[in-house]
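Good morning, everyone. Please look at the screen while I walk you through one chain.

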Amino acid sequence: MFKLSEIKELIKLVDESSVQELEIENEGSRLSIRKPGKTEIVQAAAVQPQVIAAPQAQQPAAVVTEAAPQVDTTSHLHKIVSPMVGTFYRASSPEAGPFVSVGDKVVDKTTVCIIEAMKLMNELDADIKGEIVEVLVENGQLVEYGQPLFLVKPE
């Protein structure tokens with residue numbers, strides 16, 4: 001089991017170093033620390049439908065066409081993803097307005113949300129210049145590492 005003082009010291013060391021992620025296992029306990037601000041660009045390729053001939057039987061051969069898979073219409077959009085597991089907050093406090101809303105223009109240093117992890121509030125920046133197209137999670141929702149939070153149309 002990790003002591004709180006050990007965890008705080010490890011967080012401080014990771015924060016002050018160039019290390020982006022640290023995982024430690026000790027006596028059956030596992031600790032994972034990741035720096036915030038990591039974003040991911042996902043692109044999907046269009047898939048062509050295939051035509052498959054049915055096996056020959058006593059009846060005339062039939063041709064079966066597979067349904068084309070749904071093409072991801074968001075492939076041109078940039079996804080701002082969660083750099084850690086935690087609770088997603090759209091504003092700095094319950095009384096404050098959201099950092100960003102659909103239609104807002106952002107630059108790389110624009111704060112888009114807060115992820116709370118282990119009682120620490122971590123501000124997440126856009127890391128891209130563009131327009132917020134969609135907010136993918138609800139305020140107060142638990143989010144996973146790498147989970148898309150916002151879709152941004154790059155400029």
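I'll cover confidence, then the fold, then the core.

First, the ground rules. This is a predicted model, where local features need pLDDT of at least 70, side-chain atom pairs count only at pLDDT 80 or more, and totals for chains, interfaces and linings use all residues. Residues are numbered from 1 along each chain as its sequence is written, and side-chain values use heavy atoms, with hydrogens and water left out.

Now, confidence. pLDDT is the predictor's confidence in each residue, from 0 to 100. Its mean over the chain is 78. Of the residues, 74% reach 70 or more. Where does pLDDT stay under 50? That happens over residues 38–47. For this stretch the model has 20 contacts beyond four places in sequence. Contact means heavy atoms within 4.5 Å.

Next, the fold. The chain has one helix and twelve strands. These are DSSP runs, numbered from the N terminus: helices are H or I with at least four residues, strands are E with at least two. Take contacts between residues at least 6 apart in sequence: 57% of them join residues at least 24 apart.

On to the inside. The chain has 155 residues, and 30% of them are buried. Buried means under 20% relative accessible area, exposed over 50%, and partly exposed in between, with a 1.4 Å probe and protein chains only. A nonpolar core is a set of buried Ala, Val, Leu, Ile, Met, Phe, Trp, Tyr and Cys residues joined through side-chain atoms within 4.5 Å.

How many residues does the largest nonpolar core have? It has 19. Phe-88, Val-112, Cys-113, Leu-149 and Phe-150 have the most contacts inside it. Strand 8 (111–117), strand 10 (130–135) and strand 12 (148–154) each give two or more residues to this core. Strand 8 gives the largest share, four residues. A second, separate core has five residues, including Ile-7 and Val-14.

Let's finish on Phe-150. Among the residues it touches, beyond four places in sequence, are His-78, Phe-88, Val-112 and Glu-134. What is the bridge partner of Ile-80 in strand 12? It is Phe-150. Val-135 also has Phe-150 as its bridge partner. Two strands pair if DSSP finds at least two bridges between them. Strand 5 (residues 78–81) runs antiparallel to strand 12, joined by four bridges. Strand 10 and strand 12 are antiparallel too, with five bridges.
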